[in-house]
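Subject: Structure for you to look at

Hello,

Here is the structure I said I would pass on. Please open it first, then read my notes below.

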Amino acid sequence: MSTIEAALEDATGSRETKRLLVAIIYKRGPSAPMIAEWFDTREQTIYRWFDRLEEEPISQAVQDRQRSGRPPKLDDTDQTEFQEAVQKPPFEAGYDHSSWTTELAQQFLKDDFNAEYSRRHVQRLLDDVDLT
């Protein structure tokens, strides 16, 4: 068994599994453009994965790299507090409503955490705690 196949057995995330599968398939003959088409991925992305697998330890190469960007509006503590609050009825947070809506959660974030999010982002935050 190759090192890549062994790493596939230990893979836990879908992205790392995909990257390892792509490498295994490539070693067996199909071209990178063909694999890119099969996986609906850009050819350049496939080659970048191969480069990382050659340059870095496998466990590191298959992981997403840290990306710079805007810091989150909610820190980990605030995120946890928000998630706990929306799992309880809104009246416990001081709102006269029987259930959470996107708009109400958006208002709660603004009122309690001074964080303004788009409607879609609030929906994602609610999805994270299995509220729809």
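The radius of gyration used here is taken over C-alpha atoms, and the rule for a globule is 2.2 Å times the number of residues to the power 0.38. By that rule, a compact globule of 132 residues would come out near 14 Å, but the protein chain has 21 Å. Please keep in mind that this is a predicted model.

Overall picture

Along its principal axes, the C-alpha trace of the protein chain spans about 65 × 25 × 25 Å. The chain contains eight helices and zero strands, and its pattern along the sequence reads α-α-α-α-α-α-α-α. Of the 132 residues, 33% count as buried. The accessible surface comes to about 9300 Å², and carbon and sulfur atoms hold 45% of that. Among the contacts with a separation of 6 or more, 35% are between residues 24 or more positions apart. As for charge, there are 17 positive and 26 negative side chains, and the centres of the two sets lie 7 Å apart.

Aromatic rings

How many aromatic pairs does a search of the whole structure find? The search gives seven. One of them joins Tyr95 and Trp100: their ring centres are 6.1 Å apart and their planes stand at 65°, so this pair is edge-to-face. The cut-off behind that label is an angle over 60 degrees. Tyr95 counts as buried because its relative accessibility is 13%, and the limit for buried is under 20%. Trp100 also has a relative accessible area of 13%, so Trp100 is buried by that limit. Phe108 and Phe113 make an edge-to-face pair as well, with 5.6 Å from centre to centre and 90° between the planes. Both Phe108 and Phe113 are buried.

Thr41 sits in the loop between helix H3 (32–38) and helix H4 (43–55). Is Thr41 buried or exposed? With a relative accessibility of 16%, Thr41 falls under 20% and therefore counts as buried. Leaving aside neighbours within four places in sequence, Thr41 is in contact with Lys18, Ala36, Ile46 and Trp49. Thr41 and Asp51 are 10 residues apart in sequence, and their C-alpha atoms are 16 Å apart in space.

Arg19 belongs to helix H2 (residues 14–27). Its relative accessible area is 11%, so Arg19 is buried too. With neighbours within four places in sequence left aside, Arg19 is in contact with Trp49, Val62, Gln63 and Asp64.

Most residues other than glycine have a negative phi. Which value does phi of Asp40 take? Phi of Asp40 is near 50°, which is positive although the residue is not glycine. Asp40 lies in the loop between H3 and H4. Asp40 is exposed because its relative accessible area of 72% is over 50%.

Asn114 has a phi near 50° as well, again a positive value in a residue other than glycine. Asn114 is in the loop between helix H7 (102–113) and helix H8 (119–128). At 70% relative accessible area, Asn114 is over the 50% limit and so counts as exposed.

Regards

Conventions: Residues are numbered from 1 along each chain as its sequence is written. This is a predicted model: local features need pLDDT of at least 70, side-chain atom pairs count only at pLDDT 80 or more; totals for chains, interfaces and linings use all residues. Side-chain values use heavy atoms; hydrogens and water are left out. Helices (H or I, at least four residues) and strands (E, at least two) are DSSP runs, numbered from the N terminus. Buried means under 20% relative accessible area, exposed over 50%, partly exposed in between (1.4 Å probe, protein chains only). Contact means heavy atoms within 4.5 Å. Accessible areas come from the Shrake-Rupley method with a 1.4 Å probe; for residues, only the protein chains shown count as cover. Lys and Arg count as positive and Asp and Glu as negative; His and the chain ends are not counted. The place of a charge is taken as NZ of Lys, CZ of Arg, CG of Asp or CD of Glu. Rings of Phe, Tyr and Trp (its six-membered ring) pair if their centres lie within 6.5 Å; planes under 30 degrees apart count as stacked, over 60 as edge-to-face and the rest as tilted.
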